[in-house]
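Work through the exercises below with the coordinates loaded. Each task is followed by a stepwise solution.

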Amino acid sequence: MAGGRPRTFDSDAALDRAMEVFWRQGYEGTGISDLLKAMGISNAPSLYNAFGNKEQLFRKVLDRYADGPARYIREAFSEPTARAAVEALLHGAADATTEPGHPRGCITVQGGLACSPGAEAARDELTMRRAAGEAALRERLQQAGKSGELPAGSDPEGLARYFTTIYQGVAVQAAGGTTREQLHQIVDMAMTVWPQQPDA
């Protein structure tokens, strides 16, 4: 008995095109017809067979986004000091959210901020991923406190909340048209709150 019809599309390329649509239109603003057209897939059953339903596809897109346009996040955490990691994270966001050829902003920040009850799963997925990012930053700053990189009396949790807010704000401002140069200036200003070691 003959097998099913083989796929006639490149899965990775199709995911990249789906990512662009979700990034530009958000989860709820993206319809199946938008995805079919962008991904070059002829019908909904083929889409579901290859990637699952819309929610499952969105999760795959978020994973691909993390490994592609947002890979600077993982690279930032490999910096040798906490300060260098935070600077790399924020400056990386300023670059990534204004990268020519991509929608402006960040899919994990803007993708599901406003969702109806039917899209709660996507909103919750994005909330979970943003919370995980803040938790990773908090852990790095707590380590910096224990190692002495941060001076005694510093507040790693407060710093993590602050820099996470700046990070997400960069994405929102980028989507609103703030230039890359202006975003880098904002990051430089934000870094002035970094706790300084007391003079010896």
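**Exercise 1.** What volume does the largest pocket have, and which residues lie nearest its centre?

Solution. The model is predicted, so local features need pLDDT of at least 70, side-chain atom pairs count only at pLDDT 80 or more, and totals for chains, interfaces and linings use all residues. Residues are numbered from 1 along each chain as its sequence is written, and side-chain values use heavy atoms, with hydrogens and water left out.

Step 1. On a 1 Å grid over the protein atoms alone, a pocket is an open set of points where a 1.4 Å probe fits, with protein on both sides within 12 Å along at least five of seven lines; lining residues have an atom within 4 Å of a point. Grid points are joined across faces, edges and corners, and the volume is the space filled by probe spheres set on the points.

Step 2. The volume of the largest pocket is about 490 Å³.

Step 3. Its lining consists of 22 residues, and Ile73, Arg129, Arg130, Gly133 and Tyr167 lie nearest the centre.

Step 4. Two or more lining residues come from each of α4, α5 (71-76), α7 (107-110), α8 (120-147) and α9 (156-175). The most come from α8, which gives seven.

Step 5. Sort the lining by class (Ala, Val, Leu, Ile, Met, Phe, Trp, Tyr, Cys and Pro are nonpolar; Asp, Glu, Lys and Arg are charged; the others, Gly among them, are polar).

**Exercise 2.** How many helices and strands does the chain have?

Solution. Helices (H or I, at least four residues) and strands (E, at least two) are DSSP runs, numbered from the N terminus. The chain has 10 helices and zero strands. Along its principal axes, the C-alpha trace spans about 80 × 35 × 30 Å.

**Exercise 3.** At what angle do the axes of α1 and α4 cross, and which residues meet?

Solution. Step 1. Axes are lines fitted to C-alpha atoms, for helices over the stretch in contact, with angles from 0 to 180 degrees between N-to-C directions. For α1 (residues 11-25) and α4 (residues 54-67), the axes come within 9 Å and cross at roughly 100°.

Step 1. The two helices α1 and α4 are therefore roughly perpendicular (65 to 115 degrees).

Step 2. Contact means heavy atoms within 4.5 Å. Residues of α1 including Phe22 and Trp23 meet residues of α4 including Phe58 and Tyr65. The contact of α1 with α4 divides into nine nonpolar, no polar and five charged residues.

**Exercise 4.** How are α6 and α8 oriented to each other?

Solution. Step 1. Their axes come within 9 Å and cross at roughly 155°.

Step 1. Helices α6 and α8 are therefore roughly antiparallel (over 145 degrees).

Step 2. Ala82, Ala85 and Val86 of α6 touch Leu137, Arg140, Leu141 and Ala144 of α8. By class, this contact has six nonpolar, no polar and one charged residues.

Conventions. Parallel < 35°, antiparallel > 145°, perpendicular 65-115°, else oblique.
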